Amino acid sequence: MVARRGGRSAFVVFAAVAGVISGLVFLAAAELVALLVAREASPVLAVGSFVIDVIPQPLKELAISTFGEYDKIALLVGLGLAVVIASAVAGVLQFLRPPLGVIALAVAGALSVAAIVTRAGATPLAFVPPVIGALAGSVALSLLCRRLRAWQRSVATPAVAAEPSDDSAPAIDRRRFFVLAGIAGVSAVVVGVTARAVTVATSSVEAIRQRLRLPAPRSSVTIPDGAELDVPGITPLFTPNADFYRVDTALTVPTVDPAAWRLVIDGMVDQRIELTFDELLAMGLDEYAITLTCVSNVVGGDLVGNAMWLGVPIRDVLRLAGPQADADMVLSRSVDGYTASTPLSALTDDGLDAILAVGMNGEPLPPEHGFPVRMVVPGLYGYVSATKWVTELTVTTFERDEAYWTPRGYSAQAPIKFSSRIDTPKIGKTVSAGRIPIAGVAWAQSVGIEAVEVRIDDGEWQRATLSTPINTDTWVQWVMEWDAAPGTHYVSVRAINKSGELQLEEPAPIAPNGSSGWQRSLIAVS
Ligand SMILES: Nc1nc2c(c(=O)[nH]1)N[C@H]1C(S)=C(S)[C@@H](COP(=O)(O)O)O[C@H]1N2
Ligand SMILES: [Mo]
């Protein structure tokens with residue numbers, strides 16, 4: 001090898017390598033400290049953004065026309081090359097004219113500090129990562145260059161044989177340089193890449209959601225005494241988020257950063273309105289208990305759930321835009337393109353709590369339930385009202401526009417057909433003879449449940465005991481004690497709403513506007 005013979009040019013190459021390794025140490029230490037104290041203060045990204053800002057517009061356009069959608073990658077690659085070249089030069093300087101290399105790193109640190117602290121949104125500790133990075137890089141550079149010079153000296157000292165053996169002084173000094181260079185280089189790459197990956201992963205929308213603290217509601221829902229029955233096997237009054245049914249057309253759950261979210265209200269309005277997430281929250285949040293139902297719920301099915309929502313009335317948001325008199329529909333649109341057609345009157349009616357919800361059962365909306373904002377409208381099936389990840393409300397007419405499901409075999413308008421369900425005893429599970437509860441839930445959103453009736457086999461319809469309703473928009477629980485005799489029995493249930501209507505007996509499939517019929521289950525008693 002040339003260096004063994006003391007060739008000065010070879011040592012200069014190693015000095016350049018030492019410089020590049022020190023540059024990596026600089027960036028890795030800065031990334032690690034940025035992760036810990038100031039996430040926005042990554043020198044690579046801050047300097048990159050700075051460069052984007054200072055590049056003159058014609059040059060920017062040239063970059064976009066040359067690299068197209070890869071312009072940002074091109075910038076980062078260019079920046080990476082510049083860092084490699086500059087740190088190689090710093091290495092050579094430090095080797096030939098110490099401490100010029102360390103001074104160069106200090107200048108690089110100062111420039112990154114300037115780029116970082118002048119960025120919008122920089123936190124008070126934003127200067128720390130580049131300072132620590134420059135310090136770490138300088139220590140690495142001066143140690144590496146010291147070892148390189150020791151190696152150069154021992155090669156130059158003609159005390160030993162012309163071809164030194166492996167444990168001669170030059171060999172030992174060479175090994176000491178490579179060991180340090182190896183350790184510094186490998187740990188810089190490992191630490192830098194890991195810190196960057198952790199930063200990216202924990203800055204994800206899910207992490208943003210975890211950190212999000214919604215303002216306290218101005219008003220909360222009072223849960224009356226007796227709202228929840230104590231019956232084993234009955235559906236809980238509120239459905240935990242993890243158990244809440246999920247229905248949507250989204251292949252992967254859309255991720256929407258609340259900071260980038262906008263709600264546009266347009267169409268037949270006096271004035272187009274655009275709201276940010278903070279502006280929506282600033283309108284004031286209230287609690288709403290509303291039971292959601294899917295049109296695909298079959299009689300006795302479980303595509304229905306009850307939640308405590310936190311939100312803003314849609315009528316307040318629409319009022320900002322001023323819907324025009326001849327409009328009769330709001331076409332809500334999700335970030336994933338899904339649309340729902342809701343009668344304008346259902347959203348503007350003062351007596352109906354149609355809301356833009358941001359919270360669900362005490363937390364921000366779960367991603368799969370529409371984070372950061374969704375619609376919830378009492379009394380209408382989800383597909384015509386409950387748009388998740390909602391981003392646009394277009395005021396229009398049923399004649400002019402249609403929603404996602406309308407050309408796919410479902411009605412443009414679909415009020416919920418009120419219904420009742422048996423939760424216990426479970427179908428297909430044998431129960432022991434004796435006194436047992438038959439219990440379940442019943443819902444008639446926006447009207448309310450007046451009564452639930454149960455029939456055993458071909459007997460009389462008997463009134464069940466109801467839980468105290470929270471309001472007319474939530475389901476109620478019902479229970480009836482039954483002296484179960486051995487054998488098989490049919491248990492049927494039906495509800496009566498507060499308008500005095502009886503639940504539809506005529507069975508209907510889910511399409512085009514929801515199932516109907518009375519649930520009748522066969523129960524085996526032993
Ligand atoms: N963006 C979007 N929103 C949507 C849907 C959808 O497919 N995409 N499905 C709707 C339907 S059919 C129902 S029943 C409800 C279900 O809401 P959940 O999944 O939170 O229970 O969301 C509604 N909102
Ligand atoms: Mo649905």
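Some conventions come before the structure. Because the model is predicted, local features need pLDDT of at least 70 and side-chain atom pairs count only at pLDDT 80 or more, while totals for chains, interfaces and linings use all residues. Residues are numbered from 1 along each chain as its sequence is written, chains are lettered from A and ligands numbered from 1 in the order in which they are written, and side-chain values use heavy atoms, with hydrogens and water left out.

I begin with ligand 1. Around this ligand there are 19 residues, of which Y245, T249, H369, R374 and K388 come nearest; a residue is near if one of its heavy atoms lies within 4 Å. That shell divides into 9 nonpolar, 5 polar and 5 charged residues, where Ala, Val, Leu, Ile, Met, Phe, Trp, Tyr, Cys and Pro count as nonpolar, Asp, Glu, Lys and Arg as charged, and the others, Gly among them, as polar.

Which atoms of Y245 and V247 approach the oxygen atoms of ligand 1? For Y245, a polar backbone atom is 2.6 Å from a ligand oxygen. For V247, a backbone N or O atom lies 3.0 Å from an oxygen atom of the ligand. With S334, the side chain is involved: one of its N or O atoms is 3.2 Å from a nitrogen atom of ligand 1. Taken alone, ligand 1 exposes 530 Å², and the protein buries 99% of that (Shrake-Rupley method, 1.4 Å probe).

I turn now to the sheet. Four strands form an open sheet in the order β11-β12-β16-β15, with antiparallel pairing; strands are DSSP runs of E, at least two residues, and helices runs of H or I, at least four, numbered from the N terminus, and two strands pair if DSSP finds at least two bridges between them. At the edges stand β11 (419–424) and β15 (465–466), each with a single partner strand, so one side of each is left without a neighbour in the sheet. Strand β12 (residues 434–443) is joined to the antiparallel β16 (residues 476–484) by 9 bridges. Here I436 stands opposite W482 in β16.

Finally, the backbone. The peptide bond from P98 to P99 is cis, with omega near 0 degrees, and P99 is placed in the loop between α4 (71–96) and α5 (100–117). A cis bond, with omega near 0 degrees, also runs from T424 to P425, and P425 belongs to the loop between β11 and β12. W389, a residue other than glycine, has a positive phi near 50 degrees; W389 lies in the loop between β9 (374–376) and β10 (390–396).

Definitions and conventions:
Polar contact = N/O pair within 3.5 Å; in protein donor to acceptor, adjacent residues only side chain to side chain.
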